[in-house]
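Here are my notes on the model, as numbered points. Please read them with the structure open.

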Amino acid sequence: TNTPILLTPTVVALNDSTNPPTTTSGLGYKYYESATSYYWQYNGVNWSTMPNFAGLAPVYQGAVDYPDLTPRRRRNGYAFNYTGFINVPADGLYAFTMKSCAGSKLHLDGTLILNHDGNHSPSELSGWAALAAGKHAVNLQYFFDTQNSDAGDLTDQLTLAYEGSGLPKTEVPASAWSRVPSGNE
């Protein structure tokens with residue numbers, strides 16, 4: 001009784017993998033803060049969308065095994081800009097699911113794959129990319145503005161899962177991340 005749906009398969013071009021000369025495990029990061037003295041009722045400069053990292057000086061930088069928020073110095077008004085590579089095991093279409101509170105963005109090989117920007121409660125957003133097996137340049141951005149820590153529920157969080165080519169949906173393991181050593185960590 002319904003109108004038939006016509007599906008036409010298409011061939012998708014895979015993003016080529018990258019072969020950086022030397023890598024080590026983990027991701028590099030730069031850490032930022034929105035104001036020097038930040039409190040729940042602070043009326044200073046706050047972020048409601050992803051800050052322009054190119055126009056900011058990082059408070060410090062280093063390396064982590066995966067997109068980890070524990071190097072933060074406080075629970076309000078901070079941001080991370082992670083860079084490195086993600087290794088995918090086989091050619092194919094990969095679905096990426098990012099869970100964050102608040103804003104987050106995922107770029108693969110210079111293309112925006114997920115844009116979960118803005119202040120929002122913990123929620124997931126998914127996107128996909130056609131990737132050749134191997135390493136792909138990744139830029140994962142995250143910011144968190146305010147939370148009422150008096151309530152006892154700290155909501156800042158960031159996780160990234162992937163699935164595809166025989167790989168069930170799973171959080172991206174630390175073994176899939178790599179970076180070019182910078183000497184700054």
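**Notes on the fold and its contacts**

1. Four strands make an open sheet in the order β8-β5-β10-β11, and the pairing is antiparallel. Strands here are DSSP runs of E, at least two residues long, numbered from the N terminus. Two strands pair if DSSP finds at least two bridges between them. β8 (123–131) and β11 (167–171) are the edge strands, each pairing on one side only. On average, neighbouring strands of this sheet are turned by 15° against each other, direction ignored. Axes for this angle are lines fitted to C-alpha atoms, and angles run from 0 to 180 degrees between N-to-C directions.

2. A word on the basis. This is a predicted model, in which local features need pLDDT of at least 70 and side-chain atom pairs count only at pLDDT 80 or more, while totals for chains, interfaces and linings use all residues. Residues are numbered from 1 along each chain as its sequence is written, and side-chain values use heavy atoms, with hydrogens and water left out.

3. The chain as a whole has zero helices and twelve strands. Of its 185 residues, 43% count as buried. Buried means under 20% relative accessible area, exposed over 50%, and partly exposed in between (1.4 Å probe, protein chains only).

4. Back to the sheet. Strand β10 (residues 157–164) runs antiparallel to β11, and three bridges join them. Tyr-162 has Thr-170 in β11 as its bridge partner.

5. Thr-97 sits in strand β5 (residues 92–101). Its relative accessible area is 5%, so Thr-97 is buried. The side chains of Thr-97 and Ser-126 are joined by a polar contact of 2.8 Å. Such a contact is a pair of N or O atoms within 3.5 Å; within protein, one must be able to donate a hydrogen and the other to accept it, and residues adjacent in sequence count only if both atoms are side-chain atoms.

6. Trp-128 belongs to strand β8. This residue counts as exposed because its relative accessibility is 54%. Together with Val-12 and Leu-93, Trp-128 forms a nonpolar surface patch with about 310 Å² of accessible area. Patch residues have over 30% relative accessible area and no salt bridge; nonpolar side chains (Val, Leu, Ile, Met, Phe, Trp, Tyr) are joined within 5 Å, like charges within 9 Å. The areas come from the Shrake-Rupley method with a 1.4 Å probe; for residues, only the protein chains shown count as cover.

7. How many salt bridges are there? The count is five. A salt bridge needs a side-chain nitrogen of Lys or Arg within 4 Å of a carboxyl oxygen of Asp or Glu. One of them pairs Glu-33 with Arg-73, the closest N and O atoms being 2.9 Å apart. Glu-33 is in strand β2 (residues 27–33), while Arg-73 is in the loop between β3 (60–64) and β4 (78–88), 40 residues apart. Glu-33 counts as buried at 19% relative accessibility; Arg-73, at 54%, counts as exposed.

8. Asp-117 and Lys-105 also form a salt bridge (3.9 Å, N to O). Asp-117 lies in the loop between β7 (111–116) and β8, and Lys-105 in strand β6 (residues 104–108). Asp-117 is partly exposed at 26%. Lys-105 is buried at 19%.

9. A further salt bridge joins Glu-124 and Lys-169, with the closest N and O atoms 4.0 Å apart. Glu-124 is in strand β8 and Lys-169 in strand β11, so the pair ties together parts 45 residues apart in sequence. Lys-169 counts as partly exposed, at 45% relative accessibility. Elsewhere, salt bridges that share partners join Glu-33, Arg-73 and Arg-74 into one network.
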